[in-house]
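This briefing covers a helix crossing, a surface patch and salt bridges. Please read it alongside the sequence and the model.

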Amino acid sequence: LPVVRYAGEVLRGGAASAILLLVALAVFVPALLLSAVTPLVVKLQLADLRRTGQVVGRLSSIGTLGGITATLLTGFVLVAALSSTVILVALAVSLGVVGLVLGWYLHRQGAAELPGPGRAKAVLAVLGLVGAGLSTVAPNPCDIETAYHCAKVELDPSRASGRTLLLNSAQHSYVDLADPRHLEYAYTKWFGTVADVVAPTGQRLDALHLGGGGFTVPRYLTATRPGTDNLVFEIDGGLIELGERELGVHQGPDLRAVAGDARLLVAAESAQSRDLVVGDAFGHLVVPWHLATREMISEVRRVLRPSGVYVQNVIDYPPLRFIRSELATVAAEFQHVALIAPPEAIIGERGSNFVLVASDAPLPLEAIDERLIEVDPRASLVAGAELDEFVGEALVLTDDYAPVDQLLATA
C-alpha cells in the first residue's frame, strides 16, 4: 500500500509506461512472497518422497478452494462493505498474525523451523512494521474511498464557493455552493437549456435523476423551479454522504436521494409519474451497459408522462460508435430525438460529451436552439434528417447484446 501511494504520486499523470511500472511495483513483490508459501509448506510437510503426490495434491486443492472463496468473498462482500485500503490493511494484518501464531505453534511442537538466521527474521519483522507505519501516513488521493470510487472534492481557486468533485482522479461534477444556478460544465448547461425550454423558469417539475454525482442538476432545478420534486438514484451511497457533507446537498421535500442501482429502482417507479428524466450515470467515462439498452430506455419511457422529456449524457470518442448506437437505441423507443454536442465532435474530430434529448411529444427544437446560443454558442443541435444521417445503420443495444466498452474503443 505505501509503495502504491508514494509511487502513484510520483507517476501521476504519466503515460501507459508509468501505469505498467506502478502495477509492477504493486503486484510483483507481494506475488513473489505469497507464491513462496506453498513450496515452503510442501518442504515442511514432505518427510517421505513416496507421499509427494498426496502432499502436493492436498495443498493444491486447499489453495484452489481458498482462491475461489477469496474471489467470491472479496467481489461480493468485502468490496461492497469496506474501502480498498481497509481490505488491504486487514489482509496484511491477518497474514502477519497467522504467521506469528503458526511460528509460535511450530516452535511449541518442536517442529522444524523455517531456514534463516534470527537476524534476518528480525529485519523482516521491522520491515513489516515500517510498512504498516508508512501506510498510515502515505499520501491519499481520496477524501473518501467508497465501494465504487476514490472521491475527492477540490476548491476552485478562481471561485471561492466553487467545488469540483473528482472520481478516480477524473473531473466529474462542479458545484457552486453559493449559487446553485451556476452551471460550469458544458453538458450541464445543455441539461439546463432543455429544462428551461420544456418548463419555463418557476414551473415545478417532477424530475428523476439516474446518477447523482455532485447533484448539480437537482440543485439547479430546485433553485430555478421551487417546489420541484427531485428523486435521485445513486448507486454509490458514499457519494450521497460526501454530497451532504461538502457539496451543499440537503435532502428534504424537494430532493430525495436513494442509494441503489438505477435499473432496478426505475423498474419500481410508477408509470407516467415524471416530467423529466436525466441520465447521467457513469462508471468512470462509460455509461454502464445495463443503463444503455433498449429495455432500460423502455422503462424510462414508461415512467415519463406523454409530454415528458428524457435527457442523457454520453461520452464518446472518434469513430463515435457508441453515441450512434445509443441514439439508435433511444430512437427505437421515442418518437422524437435530438442531439446536442460541439460541431467538431459531431463530425468526429475529437471526443466530447453528447446530450441526447428524447420525447414522444414533438420537441421545441427552435426554442432549444435559441437558448443554446445564449448559454453555450459552441454547441449545436442536430435533429431530423441530419441526425438520421449521423446515426446511419448503428446497432440498437439490447440486454442480450450491449458491447458498450467495445464501442467506445478508439482502435
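The crossing of H3 and H4 is right-handed, a term used when the near helix is turned clockwise from the far one by less than a right angle. This is a predicted model, in which local features need pLDDT of at least 70, side-chain atom pairs count only at pLDDT 80 or more, and totals for chains, interfaces and linings use all residues. Residues are numbered from 1 along each chain as its sequence is written, and side-chain values use heavy atoms, with hydrogens and water left out.

**Helix crossing**
- The axes of helix H3 (residues 37-45) and helix H4 (residues 52-81) come within 10 Å and cross at roughly 140°; axes are lines fitted to C-alpha atoms over the stretch in contact, and angles run from 0 to 180 degrees between N-to-C directions.
- Helices (H or I, at least four residues) and strands (E, at least two) are DSSP runs, numbered from the N terminus.
- Val41, Val42 and Gln45 of H3 meet Val55, Val56, Arg58 and Leu59 of H4, contact meaning heavy atoms within 4.5 Å.

**Nonpolar patch**
- Tyr6, Val126, Val130, Leu134 and Val137 make a nonpolar surface patch of about 420 Å² (residues with over 30% relative accessible area and no salt bridge, nonpolar side chains joined within 5 Å; areas by the Shrake-Rupley method with a 1.4 Å probe).
- Helix H6 (residues 118-137) gives the largest share, four residues, while Tyr6 is found in helix H1 (residues 2-11).

**Salt bridges**
- The structure holds 20 salt bridges (a side-chain nitrogen of Lys or Arg within 4 Å of a carboxyl oxygen of Asp or Glu).
- In one of them, the closest N and O atoms of Arg5 and Glu145 are 3.3 Å apart.
- This pair links distant parts of the chain, 140 residues apart: Arg5 is in helix H1 and Glu145 in strand E1 (residues 144-145).

Terms used: Patch = residues over 30% accessible without salt bridge, like charges linked within 9 Å, V, L, I, M, F, W, Y side chains within 5 Å.
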